[in-house]
Amino acid sequence: MSQNVILLVEDNPDDEELTIRALKKNNIGNTVVVARDGEAALNYLLGQGPYAGRDVLDLPQVVLLDLNLPKVNGLEVLRRVRADERTRLLPVVVLTSSREDEDMIKSYSSGANSYVRKPVDFAQFTEAVRTLGLFWLLLNEVPRRSY
Amino acid sequence: MILAIHVPTAILELLEGEGLPIVRAASADTPADLMITASLETLLQLRGRAELDTTPIALLGAFDPQAAARPLVEMIPVHPAEELVWRLRKSLNSILAVRHLQEQLKVATQELDSLIYAVSHDVRAPVRAIAGFSEILQSEHALGLNQDARHCLERVCSSTARLSAMLEDLLSLSRLLRHEQKLQEIDVSGLVRQIAESFQAQEPDRQVEVTVQDGLAWRADLRLTRILWENLLSNAWKFTAPQAQARIWVEMQGSEYVVRDNGVGFDMRYADRLFTPFQRMHGAEFPGRGVGLAMVGRILSSLGGSIRAEASPAQGASFFFSLP
């Protein structure tokens with residue numbers, strides 16, 4: 001059971017490093033698995049490709065999902081995760097630089113648990129990550145096995 | 001296409017024989033590039049319909065000063081026949097040329113807007129990285145840096161913050177007119193008072209007397225109307241800050257709306273730059289990045305209106321605008 005995994009789906013290496021630093025800064029010591037495109041994220045979550053044989057029911061505690069991704073975009077990842085019985089209840093937080101209301105609406109209607117805009121300011125970003133961590137890693141009760 | 005309403009059959013046959021794209025109709029129920037009629041009464045009726053405001057009309061065979069005074073009305077004699085045909089063809093060609101240019105302009109403006117949007121959106125990612133890593137340097141490695149290095153780093157941080165704020169402004173500007181506009185009746189007096197109250201609530205220590213004429217109202221998009229008035233008022237609010245008793249007036253003078261204040265004013269020599277983004281009349285003593293009036297200008301031009309300002313240093317400023 002590796003319930004303390006955070007799956008970070010992010011194609012920008014700067015944002016990846018900043019997010020990991022922000023997690024560390026908030027003493028969030030979970031293992032961070034990074035997927036650099038939508039396909040890699042789906043492979044991990046659904047146990048396909050390089051992750052064939054991974055116990056799919058061993059869900060990450062939370063997925064931090066960027067929207068603009070190579071190969072399969074974030075919204076499509078979200079839809080496929082929600083469509084699969086095994087990952088249907090997985091907490092997914094959309095973490096994006098988009099300022100479009102439309103993206104927020106689409107994210108929620110595709111089943112995002114929350115939607116966070118990346119602030120430019122690192123202190124604010126750290127604070128956003130802290131709140132996310134507090135909620136999704138400490139307070140939120142996730143069904144251990146989704147069925 | 002030329003829509004012909006109440007035109008004698010002999011003239012219609014002549015024009016059709018010359019190959020002009022005539023559509024005979026009893027009323028203006030299809031959109032046309034140009035409408036023609038031989039009846040003054042019909043012309044006045046058509047010109048009275050708001051949805052036909054932008055369609056040119058030619059009155060054939062009559063001259064009437066009342067009709068001539070209306071916009072987009074042309075009078076064409078029916079004799080000699082060659083002149084009628086020639087003038088109609090010429091009118092139609094100019095109308096189509098203008099329409100074509102308008103379409104091109106619209107496409108170009110949309111492309112420019114998407115470009116501004118894409119640039120300001122995509123540039124945010126590297127800016128966020130610069131901001132993030134320099135903040136980490138500042139907060140975690142400040143002890144390893146000498147005083148000069150810390151100073152340079154501070155400059156990097158403050159410029160990055162400014163750059164990121166400017167990108168946000170550009171995004172807001174490009175987003176301003178991308179929404180579909182919904183027309184509704186708006187109680188402008190009430191809206192302006194409400195905005196003034198919210199400013200007062202944010203700065204309870206300021207003494208500002210806002211006088212709003214009763215009964216101001218118009219039909220427009222609420223979101224744009226609100227942004228328009230918020231920016232005009234916020235401008236007056238900001239530049240009256242040094243006054244012990246600040247005053248702002250919102251009223252109509254003739255057909256113009258006026259926002260007047262007794263604030264610091266500005267030098268009219270620079271008035272042409274007022275509505276250009278990031279142009280500021282004052283230095284750091286007043287906060288802001290020079291975007292509010294740019295928004296105002298953009299909203300007004302999209303509504304077909306215009307704005308001008310009158311001011312002199314230390315004498316307050318007045319903004320006059322009109323809507324069609």
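**Ground rules.** I kept in mind that in this predicted model local features need pLDDT of at least 70 and side-chain atom pairs count only at pLDDT 80 or more, while totals for chains, interfaces and linings use all residues. Residues are numbered from 1 along each chain as its sequence is written, chains are lettered from A and ligands numbered from 1 in the order in which they are written, and side-chain values use heavy atoms, with hydrogens and water left out.

**Entry 1, the interface.** I looked up contacts (heavy atoms within 4.5 Å) and found 17 residues of chain A in contact with 19 residues of chain B. I then took the buried area, that is, the accessible area (1.4 Å probe) that two parts lose on being put together, summed over both; for chain A and chain B this is about 1600 Å², 50% of it on carbon and sulfur atoms. Of the area that chain A buries against chain B, Arg99(A), Glu100(A) and Val120(A) supply 36%, more than any other three residues.

I next listed the salt bridges (a side-chain nitrogen of Lys or Arg within 4 Å of a carboxyl oxygen of Asp or Glu), and there are three between chain A and chain B. I noted one that joins the side chains of Lys25(A) and Glu140(B), at 3.5 Å from N to O.

To see which elements take part I used DSSP runs, numbered from the N terminus, with helices (H or I) of at least four residues and strands (E) of at least two. On the side of chain A that touches chain B, helix 1 (13-25) and helix 5 (122-139) of chain A are the elements that give two or more residues, and helix 1 gives the most, with six. I sorted that side by class (Ala, Val, Leu, Ile, Met, Phe, Trp, Tyr, Cys and Pro nonpolar; Asp, Glu, Lys and Arg charged; the others, Gly among them, polar) and got five nonpolar, three polar and nine charged residues.

**Entry 2, the cavities.** I searched a 1 Å grid over the protein atoms alone, where a cavity is a set of points that a 1.4 Å probe fits but cannot get out of, a pocket is an open set with protein on both sides within 12 Å along at least five of seven lines, and lining residues have an atom within 4 Å of a point. Points are joined across faces, edges and corners, and a volume is the space filled by probe spheres set on the points. The count came to two cavities of 30 Å³ or more.

The largest cavity holds about 70 Å³, and its lining has eight nonpolar, one polar and no charged residues. Helix 5 of chain A gives the most to this lining, with five residues.

The second largest cavity holds about 50 Å³; among its lining residues I found Asp15(A), Lys118(A), Val120(A) and Arg128(B). Its lining divides into five nonpolar, one polar and four charged residues.

The side chains of Lys118(A) and Asp15(A) meet in a salt bridge at 3.0 Å, N to O. The pair links distant parts of the chain, 103 residues apart, with Lys118(A) in the loop between strand 5 (114-117) and helix 5, and Asp15(A) in helix 1.

Helix 7 of chain B supplies the largest share of the lining, five residues.
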